[in-house]
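The following exercises are to be worked through with the sequence and the coordinates at hand. Each task is followed by a solution in steps.

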Amino acid sequence: IDDEELGELEDRGVSTDPKEYDDVPNSGAYITVKTTKKTGQRSYHYYYWQWREGDSWENKYIAPVNPRE
């Protein structure tokens, strides 16, 4: 994600510091957007930490991209 999205997460009170998440490494992890479900015309997007561990990718949920008000 870009700096603007990082700022929006911080404005929402969502930490962008990997040290504040269990099991997320302090280096090599980055925040990405994943689409987890598509239903008809709607899709659901969420922020996740993502990093490599050996030959596989690991992920840790952070927050929805567009939270319900």
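**Exercise 1. Locate glutamate 4 and state whether it is buried or exposed.**

Step 1. Glutamate 4 belongs to helix H1; helices (H or I, at least four residues) and strands (E, at least two) are DSSP runs, numbered from the N terminus.

Step 2. The relative accessible area of glutamate 4 is 57%, so the residue is classed as exposed. The classes are buried (under 20% relative accessible area), exposed (over 50%) and partly exposed in between, with a 1.4 Å probe and protein chains only.

Step 3. Between the C-alpha atoms of glutamate 4 and asparagine 59, which are 55 residues apart along the chain, the separation is 22 Å.

Step 4. The backbone nitrogen of glutamate 4 lies 3.2 Å from a side-chain oxygen of aspartate 2, which caps the N-terminal end of H1.

Conventions for all exercises: the model is predicted, local features need pLDDT of at least 70, side-chain atom pairs count only at pLDDT 80 or more, and totals for chains, interfaces and linings use all residues. Residues are numbered from 1 along each chain as its sequence is written, and side-chain values use heavy atoms, with hydrogens and water left out.

**Exercise 2. Describe the overall architecture of the protein chain.**

Step 1. The protein chain contains one helix and three strands, in the order α-β-β-β from the N terminus on.

Step 2. Taken along the principal axes, the box filled by the C-alpha atoms is roughly 35 × 30 × 20 Å.

Step 3. Of the 69 residues, 28% count as buried. Among contacts (heavy atoms within 4.5 Å) with a separation of 6 or more, 31% come from residues 24 or more positions apart.

**Exercise 3. Characterise the loop between H1 and S1 through threonine 16, glutamate 20 and aspartate 23.**

Step 1. Just after H1, glycine 13 adopts a positive phi of about 85 degrees.

Step 2. Threonine 16 sits in the loop that joins helix H1 (3–11) to strand S1 (30–39). Its side chain forms a polar contact of 2.8 Å with the side chain of glutamate 10. A polar contact is a pair of N or O atoms within 3.5 Å; within protein, one must be able to donate a hydrogen and the other to accept it, and residues adjacent in sequence count only if both atoms are side-chain atoms.

Step 3. Not counting residues up to four places away in sequence, threonine 16 touches Leu6, Leu9, Glu10, Ile31 and Trp49.

Step 4. Glutamate 20, in this loop as well, is exposed at 58% relative accessible area. A polar contact of 3.1 Å links its side chain to that of serine 15. The C-alpha atoms of glutamate 20 and threonine 32, 12 residues apart along the chain, are 17 Å from each other.

Step 5. Aspartate 23 is in the loop between H1 and S1 and has a positive phi of about 70 degrees, although it is not a glycine. With a relative accessible area of 66%, aspartate 23 is exposed.

**Exercise 4. Which residues make up the largest nonpolar core?**

Step 1. A nonpolar core is a set of buried Ala, Val, Leu, Ile, Met, Phe, Trp, Tyr and Cys residues joined through side-chain atoms within 4.5 Å.

Step 2. The 12 residues of the largest one are Leu9, Val14, Tyr21, Val24, Ala29, Ile31, Tyr47, Trp49, Trp51, Ile62, Ala63 and Val65. Strand S2 (42–53) and strand S3 (56–64) are the elements that supply two or more residues, and S2 gives the most, with three.

Step 3. Beyond four places in sequence, the residues touched by isoleucine 31 include Leu9, Thr16, Tyr47, Trp49 and Ile62.

**Exercise 5. Is glutamine 50 buried or exposed, and what does it contact?**

Step 1. Glutamine 50 is placed in strand S2. Its relative accessible area is 12%, so glutamine 50 is buried.

Step 2. The side chains of glutamine 50 and asparagine 59 are joined by a polar contact of 3.3 Å.

Step 3. Leaving aside neighbours within four places in sequence, the contacts of glutamine 50 are Gly28, Ala29, Tyr30, Thr32, Lys34, Trp57, Glu58 and Asn59.
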